[in-house]
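I opened this structure today to take some notes on its layout. The entries below follow the order in which I looked things up.

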Amino acid sequence: MGIEMTDIEAFILNEFIPAKPLDSNLEVDFTLRKQPKSEKCGQRRCGDILKFPFAQTSSTLTAASIKHSQVLVEADKATETKRVVELTLESDDFDYEPGDTIGVLPSNAPAVVEQLLNRLGLIDQADTICQIKLALKCAKKSAKIPAHIPDSTCPREIFTHCLALNGVLQKQFLSALASYTSDAKERGFLACLSSKQATAHYNSLILEQGLRFPDILELCASCQPPLAFLVEHLPRLLPRPYSIANSPLESGTQELRIIYSVLSPKAGVTTSMLEAKCQRQEQSAKVFIYPRLTNTFRYTEKDLCSNQILIAVGTGLAPFLGFLAHKEHHQKQQPAKGQTWLYVGAKTPQAVLKRNKLLAWQQSSVLQRLRMCHSRGESPSYVQQLLEEDAEELVKLLLKPDTVLYICADGAKISTSIASGLCLCLQKVLHLDETEATRQLKELREQGKYREDLWL
């Protein structure tokens, strides 16, 4: 949290107009006597009415056991390197190809939920069965009970499995919180933060420093929003997508691997959940997953005869580990005709995922070219520089009819830099100006020869 309680007065302007506050249209009924027995909890109890983002039409949530976890990269504060973990999951037959993704259903940490229940005065009713209903006097005719809340539930279940506690706070939400705040200074802080006049403060505190709902409750001790309001206006706790980082040919379709990085000190909700389950070292630890819709970002048997240019930064290497393992297993049966080039960017040599395996693939001709660069150290370098160094051969391979370029990276910044590097390569080799090179990249995308898997 970027500010202290004593500082909030500095963020209250002399003149401001608060945003229009969100209405409250729901109520909580604690008169239910018992809850139907079910092994499911949270969103898994909501039935077919609840859809999961990008889920395949026929897919359902599957319980996957955590079989093994391995630290691939240790955290290093000096180089700002994150800790990276590979998780091996085991489930019933799970049909997938390299490049496919899964959704992992998260839950908020028990300690965070317990603290929130205490803070909101709900600890004595934490496990009391309740039902969310439309209020008798709805301010909004179109108001609905959120589909991600079970028909009968309890406050602990709602905060653990259904609501995102760390979403970006909207101005109307902040304005409504002000109305549930008794202290004048705290109320003024929230109301001002919601105003157009305090946009600079909102951008600094909410968008840049990442002030979230639990932080607001810590800063504003008299803020006491009711459960019904939070159920209506806090966003749904959504599944987190992960690329599958192995081939089904390695150990069958009952096993798959994912890779995640740990942002210290504020790890994400899903990352924190996975870390907690791994640290318990329980044989029965499970996560709930589902297959996401497939697209062209995958590597199948028919790609063995084509060429691939793979470009990855950091954990963006994950799907390509599956690509290369798939190619290796197929190559044992018959030699692959296509070439595979891999460009990898990481902060240090130690931060390259499975570096020794990549070198082994180069030695065994699974990879025809392997280029690695590191953004920390005495002579930092970046992927786009490697592309420019290889411009002549790279463009020649890229423009072959059977070549596909794949990029897996940060969609906000790094992928843009990579695209700029590719543009420079086209300009240099084909003697194009910037506009013509940009148009050529666009055409490659439209032809399916330039495929991206971008994450934020």
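**Entry 1: a helix and a sheet**

I started with helix α9 (residues 269-280), which lies across β2, β3 (83-90), β4 (101-104), β6, β7 and β8. I noted that α9 runs at about 115° to β7. The model I am reading is a predicted one.

Next I looked up the order of the strands. I found an open sheet of six strands, in the order β6-β4-β8-β2-β3-β7, with antiparallel pairing. Which strands stand at the edges? They are β6 (240-243) and β7 (255-262), and each has a single partner strand, so one side of each is left without a neighbour in the sheet. From one strand to the next, I read an average twist of 40°.

I then checked one pair in detail. Strands β2 (residues 62-73) and β8 (residues 286-291) run antiparallel and are joined by four bridges. Opposite S65 I found K286 in β8.

**Entry 2: two enclosed helices**

I turned to helix α2 (residues 155-162). Six of its eight residues are buried, so α2 is largely enclosed by the rest of the structure. I listed the buried residues of α2 as P155, E157, I158, F159, T160 and C162. What covers them? The cover includes α1 (110-119), β5 (131-134) and α7 (227-233).

I then looked at helix α10 (residues 318-333). Twelve of its 16 residues are buried, so α10 too is largely enclosed by the rest of the structure. The buried residues of α10 are A318, P319, F320, L321, G322, F323, L324, A325, H326, K327, E328 and H330. I kept a reminder beside this list: an α-helix has 3.6 residues a turn, so residues three or four places apart point the same way.

**Entry 3: two residues with positive phi**

Last, I looked up backbone angles in two loops. K354 has a phi near 50°, a positive value in a residue other than glycine. I placed K354 in the loop between β10 (340-346) and α11 (355-363).

H431 also is not a glycine, and I read a positive phi of about 60° for it. I placed H431 in the loop between α14 (414-430) and α15 (434-446).

Is H431 buried or exposed? At 70% relative accessibility, H431 counts as exposed, because the cut-off for exposed is over 50%. For K354 I noted a relative accessible area of 25%, so K354 is partly exposed.

Technical notes: Residues numbered from 1 in each chain as written. Predicted model: local features only at pLDDT ≥ 70, side-chain atom pairs only at ≥ 80, totals over all residues. Heavy atoms only, no water. Buried < 20%, exposed > 50% of the residue type's maximum accessible area, 1.4 Å probe, protein only. Contact = heavy atoms within 4.5 Å. Pairing = 2+ DSSP bridges. Axes fitted to C-alpha atoms, helices over the stretch in contact; angles between N-to-C directions.
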